[in-house]
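This note is meant for a colleague who is meeting the structure for the first time. Please read the numbered points with the model in view.

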Amino acid sequence: LIAFTFQPLRKILTKITDRIFFKEQYDPEAFLKETNKILSTNIILTELLYKTLDHIIQEMRILEGTFVVVEDDKVHTIQSIGYKSAPDIKFEDVKKLSRIDITVYDELEEGNHLKNILRKYEASVVIRLMEDHQFAGLLILGEKKSGDMFTAKDIEILEITAPEITMAMQRAKQYEEIQKFNLTLRAEVMRKTKKLREANEHLQEFDKAKDEFISMASHQLRTPLTAIKGYLSMLLEGDAGEIKIGQYDFINEAFQGANKMVNLINDLLNVSRMSTGKFFIDPMPLDMKKMIQEEMKQLTTAARQKGLFLKFEAPADMPKIEADENKIRQVIMNFIDNSVYYTEKGGVTVKCSASHKDFVFEVRDTGIGVPKEMQQKLFAKFYRADNARRLRPDGTGLGLYLAKRVIEDHKGELIFRSTSGKGSVFGFRLPIHSPIKVDPKKHELLNLH
Ligand SMILES: Nc1ncnc2c1ncn2[C@@H]1O[C@H](COP(=O)(O)OP(=O)(O)OP(=O)(O)O)[C@@H](O)[C@H]1O
Ligand SMILES: [Mg+2]
């Protein structure tokens with residue numbers, strides 16, 4: 001009788017204790033809903049695993065649990081909750097457990113090697129996590145707090161959730177990889193940037209060396225060339241006695257050549273001074289009319305040989321203008337030289353005038369002009385318009401670039417108008433009294449050149 005009545009009694013007792021200590025059994029629907037919520041709102045792998053595991057063992061009232069995530073035949077992450085000391089999970093055991101969907105301790109016979117493994121990890125149930133027929137990990141669950149077995153319903157629910165857990169887990173792993181990749185990428189970008197910076201420093205040093213070389217070479221070339229040009233000019237003027245008609249043309253060609261070279265060297269020297277920071281304006285009172293005429297004289301024969309007129313128009317009186325002689329001379333020479341070179345018929349008119357505050361210089365020609373779309377870039381370093389290249393392939397494109405810098409540094413203004421095929425006007429406007437104050441340190445530098 002006792003035995004007879006004992007069974008129902010025990011049932012009632014468990015029900016009561018279960019109510020008191022472990023509350024009612026969980027509601028599967030609510031359980032799944034909450035699981036899904038956790039899975040869809042967590043992207044950091046360790047957080048995802050922790051929260052999912054915590055939810056499962058709380059709801060199913062399990063003592064402890066572990067997630068094992070594998071990748072490339074290695075343990076990738078282990079996340080456990082509830083153990084006195086975290087289980088030291090061996091990959092060989094994981095591998096053995098990876099062959100079966102669900103391993104339940106109580107269903108295994110004593111002596112079975114899987115049963116021994118489960119015992120080692122205090123596990124009651126092990127669920128295999130698979131993605132696309134690929135083993136992705138294990139969910140190891142310990143005993144229930146009540147000491148009860150896992151019910152068929154528990155197992156079924158775990159089976160339903162397993163693929164979803166796996167998917168979320170893989171997503172988190174990918175996210176982790178992208179984060180890692182981002183870090184490597186950033187490191188790589190930083191490494192490359194550093195390399196570029198170093199390369200750039202090298203280039204700058206190289207550039208400096210190049211500037212110094214140009215400056216040195218130009219100085220060395222300029223002195224003998226200026227002498228050659230000077231002596232040729234004296235020969236042409238008959239200072240060494242009258243020259244024969246046949247000789248004049250040869251000497252004149254040599255003179256023009258030397259003149260071209262001196263101009264080119266001056267341009268190069270100025271450009272190299274600009275990049276080494278040694279380009280300064282040193283204003284002095286200048287007789288502009290005289291200077292313009294001197295420069296024009298160097299180009300008379302060149303113009304005459306091309307059958308071009310070369311005229312000069314200027315008022316009888318002209319005040320002295322404060323400007324840097326060498327640099328303004330170079331600008332004037334470049335403008336007139338261009339007009340003579342880029343004009344094939346007609347000619348060149350050089351004009352200057354002065355008001356009480358401004359000096360204006362203009363060179364007007366009837367030459368090839370500058371196509372409208374190229375006018376914008378004309379004063380840029382090395383820039384040459386197409387029509388000029390066709391006519392004269394060997395220019396440097398430095399003359400106007402320098403002219404712009406010289407005039408702007410004098411606080412003046414460039415003058416430029418042109419119609420393609422008709423002609424151009426190039427010139428500048430300068431303040432008569434230079435607003436530029438030279439600092440004595442710069443003077444020292446200037447005198448070195
Ligand atoms: N008078 C002009 N008529 C037409 N085009 C001109 C004239 N002056 C300058 N240019 C245009 O401006 C460009 C730049 O002139 P710049 O004097 O700087 O160099 P370049 O004459 O080409 O070469 P370099 O002066 O070294 O011989 C020329 O290539 C040409 O396209
Ligand atoms: Mg030129």
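The points below go from the whole chain to single residues.

1. Basis of the model. This is a predicted model, in which local features need pLDDT of at least 70 and side-chain atom pairs count only at pLDDT 80 or more, while totals for chains, interfaces and linings use all residues. Residues are numbered from 1 along each chain as its sequence is written, chains are lettered from A and ligands numbered from 1 in the order in which they are written, and side-chain values use heavy atoms, with hydrogens and water left out.

2. Overall form. Along the principal axes, the C-alpha trace spans about 155 × 45 × 45 Å.

3. Burial and separation. Of the 449 residues in the chain, 41% are buried (buried is under 20% relative accessible area, exposed over 50%, and partly exposed in between, with a 1.4 Å probe and protein chains only). Gly-427, in strand 12 (residues 423–431), counts as buried because its relative accessibility is 0%. Gly-427 lies 66 residues from Phe-361 in sequence, and their C-alpha atoms are 5.2 Å apart in space. Val-126 belongs to strand 4 and is buried as well, at 1% relative accessibility. Between Val-126 and Val-438 there are 312 residues of sequence separation and 89 Å in space, C-alpha to C-alpha.

4. The structure holds 24 salt bridges, each being a side-chain nitrogen of Lys or Arg within 4 Å of a carboxyl oxygen of Asp or Glu. Side chains of opposite charge can pair when their charged atoms come close. One of the bridges joins Glu-198 to Lys-194, at 3.7 Å from N to O. Both residues lie in helix 6 (residues 152–236), 4 residues apart, about one turn of the helix. Glu-198 is partly exposed, at 37% relative accessibility.

5. Lys-404 and Glu-408 meet in a salt bridge of 3.3 Å, N to O. Helix 12 (residues 399–409) holds both Lys-404 and Glu-408, which are 4 residues apart, about one turn of the helix. Lys-404 is partly exposed at 31%, and Glu-408 is partly exposed at 42% relative accessibility. Elsewhere, salt bridges that share partners link Lys-290, Glu-294, Glu-295, Glu-325 and Arg-329 into one network. Within this group, the closest N and O atoms of Glu-294 and Lys-290 are 3.7 Å apart. Glu-294 and Lys-290 are both in helix 8 (residues 288–305), again 4 residues apart, about one turn of the helix. Glu-294 counts as partly exposed, at 32% relative accessibility.

6. Surface patches. Which residues make the patch of negative charge on the surface? Asp-27, Glu-29, Glu-34 and Glu-59 gather there. Asp-27 sits in the loop between helix 1 (2–22) and helix 2 (28–41) and is partly exposed, with a relative accessible area of 44%. Ile-43, Ile-44 and Tyr-175 make a nonpolar surface patch of about 220 Å². Ile-43 is in the loop between helix 2 and helix 3 and is partly exposed, at 32% relative accessibility. Patches are made of residues with over 30% relative accessible area and no salt bridge; like charges are joined within 9 Å, and nonpolar side chains (Val, Leu, Ile, Met, Phe, Trp, Tyr) within 5 Å. Accessible areas come from the Shrake-Rupley method with a 1.4 Å probe, and for residues only the protein chains shown count as cover. Lys and Arg count as positive and Asp and Glu as negative, without His and the chain ends; a charge is placed at NZ of Lys, CZ of Arg, CG of Asp or CD of Glu.

7. Backbone points to check. Arg-61 has a phi near 55 degrees, a positive value in a residue other than glycine. Arg-61 is in the loop between helix 3 (45–59) and strand 1 (65–71) and counts as buried, at 15% relative accessibility. Asp-132 has a phi near 50 degrees, also a positive value in a residue other than glycine. Asp-132 is placed in the loop between strand 4 (125–131) and strand 5 (134–141) and is exposed, with a relative accessible area of 65%.

Key: Helix = DSSP H or I, 4+ residues; strand = E, 2+ residues; numbered from the N terminus.
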